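Look at the sequence and the structure first.

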Amino acid sequence: MADAGTPGGYSQGGRAPKIKNKNAAAVQITAEQLIREAYERQGTAQKAPRQKVLDGEELGDYQQRRRREFEEGVRKKRHDTGEWLRYAAWEEGQGETARARSIYERALEVDPRNQTLYLKYAELEAKSKNINLARNIYDRAVTILPRV
C-alpha cells in the first residue's frame, strides 16, 4: 500500500517501485476504452442518503430549513429560472400546491417572458386537476408571448 505522506504516493523514498514483469498483458486496453470507462464512472455519482423523518415536528423543521435555503437561493440568483423551478418542484413534491403556485407567480413577476415558467406552471395546474387555471395560464402566456 502506498504511503500518503510521501511525494507521489511512493513508499520507496520517492522513487517509483521496480516493475518485475514487463511482459504485455493478455488483454490490451485502448485509451478510448479507458476514457469511456472514466466517463461511465463519473455518471454513477453517489447519491445522498434519503432522510427519514420520524415525527411532524422534525418534518416541519426540515421543510422550514429547505424553504429558507431556497428563498436565499432565489434572492441571490433572482434571474436564474432553474432556481425558481427547483423550488417550485420541491414544494409540489411536498404536496404544497398553493406554495408552488405562489412561487411560479413570483418567478413570472421577475421574468414574465420566460416560456418554461408558463409551461411548468400550467403543467402543475393540470396535474392538480385545475384545468381552468391551466387554461388561464396558457392564455396569459399567449397574450404576453404571441409569437413563441
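## Aromatic pairs and a helix face

Y104 and Y121 are both buried (buried means under 20% relative accessible area, exposed over 50%, partly exposed in between, with a 1.4 Å probe and protein chains only). This is a predicted model, where local features need pLDDT of at least 70, side-chain atom pairs count only at pLDDT 80 or more, and totals for chains, interfaces and linings use all residues. Residues are numbered from 1 along each chain as its sequence is written, and side-chain values use heavy atoms, without hydrogens and water.

Rings of Phe, Tyr and Trp (its six-membered ring) pair if their centres lie within 6.5 Å; planes under 30 degrees apart count as stacked, over 60 as edge-to-face and the rest as tilted. The count comes to four aromatic pairs. Two of them are listed here.

| Pair | Type | Centre to centre | Between planes |
|---|---|---|---|
| F70 and W90 | tilted | 5.7 Å | 45° |
| Y104 and Y121 | stacked | 5.2 Å | 15° |

Y104 lies in helix 4 (residues 97-110) and Y121 in helix 5, 17 residues apart. Helices are DSSP runs (H or I, at least four residues), numbered from the N terminus. F70 and W90 are buried too. Y62, F70, Y87 and W90 form one aromatic cluster.

F70 also touches E83: contact means heavy atoms within 4.5 Å, and E83 is in contact with F70, G73, V74 and K77, leaving aside neighbours within four places in sequence. E83 sits in helix 3 (residues 81-93). E83 is buried, at 10% relative accessible area.

Now helix 6. A134, I137 and A141 are buried there. They cover an arc of only 60° around the axis, so they lie on the same side of helix 6. The arc is that of the directions from the helix axis to the C-beta atoms. The buried residues of helix 6 pack against helix 5 (115-127). The face turned away from the buried side of helix 6 carries the exposed residues N132, V142 and T143.

Technical notes: Helix = DSSP H or I, 4+ residues; strand = E, 2+ residues; numbered from the N terminus.
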